[in-house]
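Open the model in your viewer and keep the sequence panel beside it.

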Amino acid sequence: MLMTTQIADDARPRLARGVRLQIDGTTGKSVLLFPEGILELNETAQEILARCDGQELSDIARALAEEYDVDLVTLAADVREILADLQRRKLVELS
Amino acid sequence: MIAPRPYALLAELTYRCPLHCPYCSNPARARNDSELTTDEWHRVLREATELGVLQVGFSGGEPLVRRDLANLVHGAREAKLYTNLITSGVGLDESRASELREAGLDSVQLSFQSDDIDLADEIAGARAHQTKLAAASFIRAAGIPLSLNFVIHRRNIDRLPQMIALAEALGAERVELANVQFYGWAFLNRAALLPTRQQVVRAQEVATAAKARLAGKIDIFYVLPDYYETRPKPCLNGWGQRYLTVNPIGEVLPCPTASSAIPDLRFENVRARSLDWIWRESESFNRFRGTEWMPEPCRSCPQKEIDFGGCHCQAALLTGNAANTDPVCTLSPNRVLVDAVLRDLNLSLVGTFDWMPRVNPNKDALQL
């Protein structure tokens, strides 16, 4: 059984080295580009990743909750889940 | 059928290479026409972006042989492409590494033949291993993400644990352990390269254990030798669906090995046509697009949208007809051809065979 530890509120997620966030000119959607891979992002993931610039996780969640007028607790859980998934794929690093 | 948009371009800048690996996938009889110029490649990169391509891999031969490599990387970045360099590392010194980083290179895939210097240099047919170790450190120092690529075959497959350890020691983020696929020179040297069943089973265990142990640290990709599989690989995720290759002389290929493996296909050249036209309209890209071309047993097979009939180059090389089901598939009437090769090897008492080292299309042209 793999141990999963929850990402802390004060963790600072950033794109991992060699990973680029870019608009796909063909679809207009955001994509992550990395060695031998392309990941098309949904709107939530895109909004989160656009804020992975050294801010703390709790600040990212708060900003998004305000902007979209949604419940902070639910949103913070979503943010954690998406970042944990991206961290497993080595597309996001936490500091 | 309507052409989808492609995602990745393989830019084979040159067939020239200082190494002579017996499994090289370049054509064994490469045409020695003049290579595309810097300006021609810039046009190809722009046209690729317009077509929807998001990633470019600069490959060869050895792409560092081209003095305009950093210029092309810069052009690709201007065109918003993600740039990979697929290299032997020979010709990569400190200043070249930083020149490439300045140009915006996103990642490097560095090939190794083995972890052991003597075996590595024997396989490469050149004293290259030490140079590669230095190249790895220049790439790390330049802060460019590093993948290590090993082609696995009978002579090095038993050293998988040591090769993985080398990747750890060099600080690679990613390791590709790809069993040799039989095209180009590898097809000619198949008897010397194909691993035994025992080796394959053991290697699979090693790779699986290493994957678990290094999870979150190094991504390990292990590519099985398809002759030992029962269903074919989903080659290219379908012909003319996601990938295209432009070779050193400007031919546009649905698959990098198609020009040598499928002699009856005629390939268009970027010197005569736009990339867009070639991708959408050309006979070579449309020949096996979709599922209409399929014969039985593919046509009525529930797997046809999963493996797309497998690899056309393999079908052509083994059966003489690229439109046949990939003979690796146990449902193919031609599977006997693969089984015969496996039987000969696995029942043989002879350990190794000699191989034929790859030679450059024009030996005099190689200047590093």
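Start by selecting chain A and colouring by secondary structure: along the sequence the pattern reads β-β-β-β-α-α-α-β. That comes to 3 helices and 5 strands, where helices (H or I, at least four residues) and strands (E, at least two) are DSSP runs numbered from the N terminus. The radius of gyration of chain A is 13 Å, close to the 12 Å that the globule rule gives for 95 residues, so chain A is as compact as a globular protein of that length. That radius is taken over C-alpha atoms, and the rule is 2.2 Å times the number of residues to the power 0.38.

Before going further, note that this is a predicted model: local features need pLDDT of at least 70, side-chain atom pairs count only at pLDDT 80 or more, and totals for chains, interfaces and linings use all residues. Residues are numbered from 1 along each chain as its sequence is written, while chains are lettered from A and ligands numbered from 1 in the order in which they are written.

**Chain A as a whole**

Show the C-alpha trace of chain A; along its principal axes it spans about 35 × 35 × 25 Å. Buried residues make up 23% of the 95 residues; a residue is buried if 20 or more other C-beta atoms lie within 10 Å of its own, exposed if 12 or fewer, and partly exposed in between, with C-beta atoms placed from the backbone. Of the contacts in chain A with a separation of 6 or more, 55% are between residues 24 or more positions apart. Two residues are in contact if their C-beta atoms, placed from the backbone, lie within 7 Å.

Now colour by pLDDT, the predictor's confidence in each residue, from 0 to 100. Chain A has a mean of 90, and 95% of its residues reach 70 or more. Confidence is lowest in helix α3 (residues 72-88) of chain A, at a mean of 90, and highest in β3(A), at 96.

**The three-stranded sheet of chain A**

Which strands make up the open sheet here, and in what order? The order is β2-β3-β4 (chain A), with antiparallel pairing; two strands pair if DSSP finds at least two bridges between them. β2 and β4 (37-40) of chain A are the edge strands, each pairing on one side only. Neighbouring strands of the sheet are turned by 30 degrees against each other on average, direction ignored.

Go to β2(A) and β3(A), which run antiparallel and are joined by 4 bridges. Leu21(A) stands opposite Leu32(A) in β3(A). The hairpin of these strands has 6 residues between them, and Gly28(A) there takes a positive phi near 80 degrees.

Follow β3(A) into β4(A), another antiparallel pairing over 4 bridges. Leu32(A) stands opposite Leu39(A) in β4(A), and the bridge partner of Phe34(A) in that strand is Gly37(A). This hairpin has 2 residues between its strands; Glu36(A) in the turn has a positive phi of about 60 degrees.

**Where the chains touch**

Display both chains. How many residues are in contact across them? 11 residues of chain A are in contact with 14 residues of chain B. β2 (20-23) and β3 (30-34) of chain A each supply at least two residues of the side that touches chain B. By class, that side has 4 nonpolar, 3 polar and 4 charged residues. Ala, Val, Leu, Ile, Met, Phe, Trp, Tyr, Cys and Pro count as nonpolar, Asp, Glu, Lys and Arg as charged, and the others, Gly among them, as polar. The model scores ipTM 0.89 and pTM 0.93.

**Chain B**

Select strand β2 (residues 55-59) and strand β3 (residues 82-87) of chain B: 4 bridges join them and they run parallel. Val56(B) has Thr83(B) as its bridge partner in β3(B).

Next select Gly320(B), in the loop between α14 (312-319) and α15 (335-346) of chain B. Gly320(B) counts as exposed because it has 11 C-beta neighbours inside 10 Å.

Finish with confidence: chain B averages a pLDDT of 93, and 96% of the residues score at least 70. Over residues 364-368 of chain B the pLDDT is below 50; beyond near neighbours in sequence, this stretch has 8 contacts in the model. Where pLDDT is low, the predicted coordinates should not be read in detail.

Technical notes
Axes fitted to C-alpha atoms, helices over the stretch in contact; angles between N-to-C directions.
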